[in-house]
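Let me put the structure up, and then I'll walk through a few spots in it.

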Amino acid sequence: MGPAQVHRCLAPLIVLLLLCRIVAGDGLWCVASPRATEAALQDGLNYACGQGGVDCSAIQAGGSCFIPDTLRDHAGYAYNSYFQKDVAGTARCDFGGSGMLTRTDPSTATCKYPSTRFAAAPNADDHTAKQGDKA
C-alpha cells in the first residue's frame with residue numbers, strides 16, 4: 001500500500017476524530033491565577049464587574065457562586081464571565097497578570113462556569129493563550 005492509499009484510508013478516520021473532539025469540545029476557562037496578589041485580584045474583579053460590564057450578582061451574598069466566599073474565587077468567576085461574554089473572541093484573560101486560562105472546569109455543584117469550546121485550545125495550560133491588555 002502506497003502513501004496515497006494510506007492517506008486515503010486514514011483521512012476519514014482523522015476527520016472523525018476531529019469531529020469527535022469538536023463535539024465533545026475542550027472547555028476553556030479564564031480563572032484567577034494562584035500567584036496573583038490580593039490587590040491584583042481586587043483590581044481585576046473591579047474591572048470585570050465595572051467597566052467590563054459583567055453581571056456579578058452571582059458572587060454577591062445569596063448568589064449561586066457566592067460560596068466559596070473568597071476574593072480569588074469571586075475574581076475567577078468575574079474573569080471567566082468577562083472572557084466568555086465576548087463572542088468576537090477579542091477579550092483577554094490577563095487582568096494585570098492575575099488571570100490565567102485553564103482547561104480544568106472550575107465549576108462547583110452550585111456554581112457553573114460557562115466555557116469556550118475549541119477543537120484545539122492552544123497554550124491553555126501554560127497560561128499564555130489570549131493574554132494581553134488589562135483584561
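**A threonine and its partners**

So, let's start with a side-chain pair: T116 and Q84 make a polar contact through their side chains, at 2.4 Å. Before I go on, keep in mind that what you're looking at is a predicted model.

Where does T116 sit in the fold? It's in strand β3, which covers residues 116-118. And is T116 buried or exposed? Its relative accessibility comes out at 19%, and the cut-off for buried is under 20%, so T116 counts as buried. If you skip residues up to four places away in sequence, T116 touches D26, G27, L28, F83 and Q84.

N80 has a relative accessible area of 1%, so it's buried. Again leaving out neighbours within four places in sequence, N80 is in contact with L28, W29, C30, Y113 and P114.

Okay, while we're on α3, let's look at how it packs. Two packed helices get described by the angle between their axes and the distance between the axes. The crossing is left-handed.

Who makes that contact? From α2 you've got E38, A40, L41, Q42, G44, L45, Y47, A48 and C49. From α3 it's L71, R72, H74, A75, A78, Y79 and Y82. What kinds of residues are these? They divide into eleven nonpolar, three polar and two charged.

Last stop is strand β2, residues 99-102. M100 is in that strand, and its relative accessibility is 11%, so M100 counts as buried. M100 and A36 are 64 residues apart along the chain, and their C-alpha atoms are separated by 9.8 Å.

The T102 side chain reaches the backbone nitrogen of T104 at 3.1 Å. Then there's C30, 72 residues away from T102 along the chain, with 6.4 Å between the C-alpha atoms.

Terms used: Residues numbered from 1 in each chain as written. Predicted model: local features only at pLDDT ≥ 70, side-chain atom pairs only at ≥ 80, totals over all residues. Heavy atoms only, no water. Helix = DSSP H or I, 4+ residues; strand = E, 2+ residues; numbered from the N terminus. Buried < 20%, exposed > 50% of the residue type's maximum accessible area, 1.4 Å probe, protein only. Polar contact = N/O pair within 3.5 Å; in protein donor to acceptor, adjacent residues only side chain to side chain. Contact = heavy atoms within 4.5 Å. Left-handed = near helix turned anticlockwise from the far one by under 90°. Nonpolar A, V, L, I, M, F, W, Y, C, P; charged D, E, K, R; others polar.
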